[in-house]
Amino acid sequence: MTIVAPNRAAVAGLVEELPERKRSLPGIALDFCRRQPLGTFGLLIVVIMFVAGVSAGWIAPYDPEENDFNAMMEAPSWAHVLGTDQLGRDIFSRLVYGARTALIVGFSAAFVGGAIGLVLGVSSAYFGGWFDLGFQRVLDVLMAFPLIILALAVVAVFGTGVFNVILAITIPLIPRCGRVVRASALAVREIPYVDAARALGFGHARIVLRHMVPNVVAPFLIMLSAFVGQAILAEASLSYLGLGVQEPVPAWGLMLQGGAEEYATTAPWIAVFPGLAIMLTVLGISLFGDALRDAIDPKLRDR
Amino acid sequence: MNLRTGLWTAGLGLAAVIAASSAGAQTPKRGGTLTYMISADASPSFDGHRETTFATVHAVAPYYSVLIRVPPDNPASTTEFVCDLCTEMPKPTDGGKTYTFKIRQDVKWHDGSKLTAKDVLASWNKIVFPPQGITSARVSYYSMVEKIEAPDDATVVFRLKYPSAAFIPALADPFTWIYKKETLDKDPHWYEKNIMGSGPFKFVSYAIGQSIKGVRNPDYYHKGQPYLDAIEGIFAAKQSVRVDALRGDRAAVEFRGMPPSARDELVKEAGKDIVVQDSDWNCGNIITFNQKKKPFDDVRVRRALALAVDQWKGAPALSKIAIVRSVGGIVFPGSPLAATKEELQQMAGYWPDIEKARAEAKRLLKEAGAENLKFELTNRNVDQPYKFVGTWLIGEWKKIGVQVEQKVVPTGPWFQAMRGGTFDVVVDANCQSVVNPALDTGKYLPQKVYPESYGGYDDPKSIELYNKMLYETDPKAQRAAMRVYEKHTLDTMAHSIITPYWYRIVPVRSYVKGWKISPSHYLNQDLANIWLDR
Amino acid sequence: MYRYIVKRLLLAVPTLVGAAALVFVLMRLIPGDVCVIRLGSGGAHVDPASVEACRQQLGLNNPMIVQFLDFLWSYISLDFGTSMWSGHPVTEEIAARLPVSLQIALMATVIAVLIAIPLGTISALKENTWLDHVVRMVAIAGIATPSFWLGIMSLVLVLDITYLATGKAWMPPIDYVPFWQDPIRNLSIVMLPAITVGYRYSAVTMRMTRSAMLEVLREDYIRTARSKGLLEQIVVNRHALKNALLPVVTLIGIEFAFLIGGLVVTEQVFNLNGIGRLFVQAVQNQDNVLTQALVMLVVVIFVVTNLVVDLLYAWLDPRIRFS
């Protein structure tokens, strides 16, 4: 067999899918809140950020891209709740619009990267043989490859902008997802009913999509939650190096670059608030992801 | 005169004496090590003939001599040049085509041997007529030079193809270091990785990517100098590090220039331990339109974009956060050839009434059928001041309904975009070392005359006006001709938008004396006249 | 076992070639080249003849396939080339900067091991108590915080605190000296970056230790031992820890390989002359030779680390070894 710790959990998940007593959705939710207080707290944070991003147009008191040369680098006050940055732009407004950018980048990169990784990982496990070997090598290359070069190439060729940043961040997520999914899928492949399905003449695609994928969904979803957080952090790093989203688009990572560092001692609010926003959001997503994992299957302790 | 008046006068006189003695000439103290920051990553090589980055000058210039240079005690002068290796500034003969330099006889290389005119000749030949396989970055500056000769060990003669007022300023270029002929003969690439010169300091060591150290040259021919025992240059590309280093007295100075925020922070926290020198900088960002792309081939669109920008309000605001300050036209603001405020206000982009200007801009856009103009502004991935200027301009253009997206790319692709003409509008730069407006304003000519002009336009009238200005010998007439050329470039044709000129702010720890700021960060960097007051 | 090692080594070859091809193609996709940057960065004249001569000399005008074959061949013959930017051999450039990065990486690892494993263990032993929750929050915060932001904030804190306390702002020295030359100065330079990088590293390790311990603690034999009394409990807990350490050790190994990514931004913040900063410089200068060398170095470290970790895993877990 292969050198993989046996993923008992996925198998166990199959067995425990036997019919249970029906529970209503609100019931499940309340149960979750009770058992996983930290996870609920995390979910709350994410929901707040989500709402902030969606309603940014209404709750932002100023235009996030409007320079105001009469109010540069002002400390937090009644007029500007979180202060202004070096060009006089209101930080609170930029934060809520930035929430939009962060969540778009985070979720897009995570979902697209995750989806591609999922399909590729499962297919690779299913088909095995040369396809699997070759795919593993490609995964190795992409995993080891430093993000900064990928990002620089994408920027140089396609230019900057939210879409290109998502593209650059998605690529490293694919192999990470693919690896874990492949490991889970390998365990499932040995189950007799897959052979039975083949014997019955079901097509590859159908078996992969309808039988294998659902059984790796549990670890996959938990991984997704980690990915969203990692994507947001990656955007911050890339913006810090100047390879991410560009001025004057409001984005948390971008707000930490340039002016924030320069004025870190004289106007610390420029750097502190976006950093806190990133930290809280990723924290919330991670807490929720952890709680989700604990709730779905307590025996599931893999990373 | 009664007693009171007498005492008054005596008091005033005493005050005057005290003021005079504290204001001026203190005697330089010898000794000490100067630690300074170099605001870049390490330069690629040590060969000044080949490199163009200021990091090369800041790191390596103290070890070499040059033929002529700007005066170290008045580097801001735009007209004066003095000898380093020569004995006196020559008058051109032969109708202005021949310059004969007499070389000092008391100069020694750091390895002990004597420097002669043959070394000067070999170095200048390498710069102006580089042999096969050798890169010289400045060949085009000396296109007027026909031949260089050294008839004996103490004389170097430059023969020009035609008389040119641009020759002497070009000769004072801070990268034209003098190398030893014997070494060049053996290995012309030797100076790329090694340092051996005749300058005020002797090279000691280089830690790759980190720091460069030197000690005093005891045989330096400018007697009495250098005052410092040793120097150490530390490379630091990140500004926050440089500011912190100055604040914590880990370094005494950084010679490029810091933004106003850094100066304010240092002054606030270090108080009288920091002295600030500042000066207009012979550098500026200009906005170049790609006139090969619609609608930038329409002068109305270009004029509209120029009119929309509120220079007079923007400059003071930007000067608080970015290294820019003075609104100017195509000529460096400190030069006698520069336009006055009233003259500027006649041109598009400098109108005193911004509402009127923006209304006119909107009207022009409508007339040209480009009302909902959207384009991409290509910018260089450098914070100060490129990205600040870009963000400011986008805000200004938004006010006439133009939507601009900024495309920020690293230096390589930025160059490529300009040279390949693959941009809409680009934030270009015009940076020169020695102030030489007659040459510096060539940037706005069509590309077939000036290769670094990236607007992709042809304009014979522009060439005609420029030449008229260039060959004018009477200063008053030259100034008038410059105004005509400037108006044509910025107002009539709106080939470029000149954003506020850069401003050089150099905070220095108060114990560093002797260094004077100049309009260029390439000049006056051999550190020979610096001394430490502690 | 040997067959396994040989097989893995052979499998590593396509990975290396693939990485080489990828970096080669990506670098050449970027418009512009090192010559233009080097000769024109002042913004003043760029002499086209000089640029052309430079390109010719560096082989940038050769057809792509020739350049690629040159690249592959040079690596096979163990000549890693000279940097296009500085002309120094690549090995020299890297060797000069390796000590700083290695020291930070090792210190971060030490911090991670010394702090994370005990904390993670305690957290697992005291599951669902307030101590557990606090440790978990601290760990998750470590994963959620952008490391460069942490670096900036910590520098500012140090400057402000020393200023308030003594009236003179203190910052770490900026020119690196090796440990044996001046231990105190060396440590004062490396301490803050190591903590910045180490925080995230230890957070990840802490979580893994906790979850691995929890899994082992649920085993039946542990519960039986616990019910037997205190002494048995201690013995068994130690046994449990040993078993739990297996995935933790493999995780530490894998994360070590990823430290390079963290070093890139951290070295920018603290202006350290390390591999991460060299990376950024090489890429920005479009120094193809140096960038390629650095990428290959990272990939080799990655492949070797994975191999060692897998071997360790197989050796320590008989179930896998004999499968």
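Predicted model: local features only at pLDDT ≥ 70, side-chain atom pairs only at ≥ 80, totals over all residues.
Tutor: Residues are numbered from 1 along each chain as its sequence is written, with chains lettered from A and ligands numbered from 1 in the order in which they are written. Local features need pLDDT of at least 70, side-chain atom pairs count only at pLDDT 80 or more, and totals for chains, interfaces and linings use all residues.

Student: How do you know that the end-to-end span of α3(B) agrees with its 12 residues?

Tutor: A helix is a DSSP run of H or I with at least four residues, and a strand is a run of E with at least two, numbered from the N terminus. The expected span is 1.5 Å times one less than the number of residues. For residues 117-128 that gives 16 Å, and the end C-alpha atoms are 16 Å apart, so the two agree.

Student: Why is α3(B) called mostly covered?

Tutor: A residue is buried if 20 or more other C-beta atoms, placed from the backbone, lie within 10 Å of its own; 12 or fewer makes it exposed, and in between it is partly exposed. In α3(B), 10 of the 12 residues are buried, including Trp124(B) and Ile127(B).

Student: What makes β4(B) and β5(B) edge strands?

Tutor: Two strands pair if DSSP finds at least two bridges between them. The open sheet has 3 strands in the order β4-β6-β5, with antiparallel pairing. β4 (98-102) and β5 each have a single partner strand, so one side of each lacks a neighbour in the sheet.

Student: How many bridges pair β4(B) with β6(B)?

Tutor: There are 5 bridges, in the antiparallel sense; Thr98(B) has Arg159(B) as its bridge partner in β6(B).
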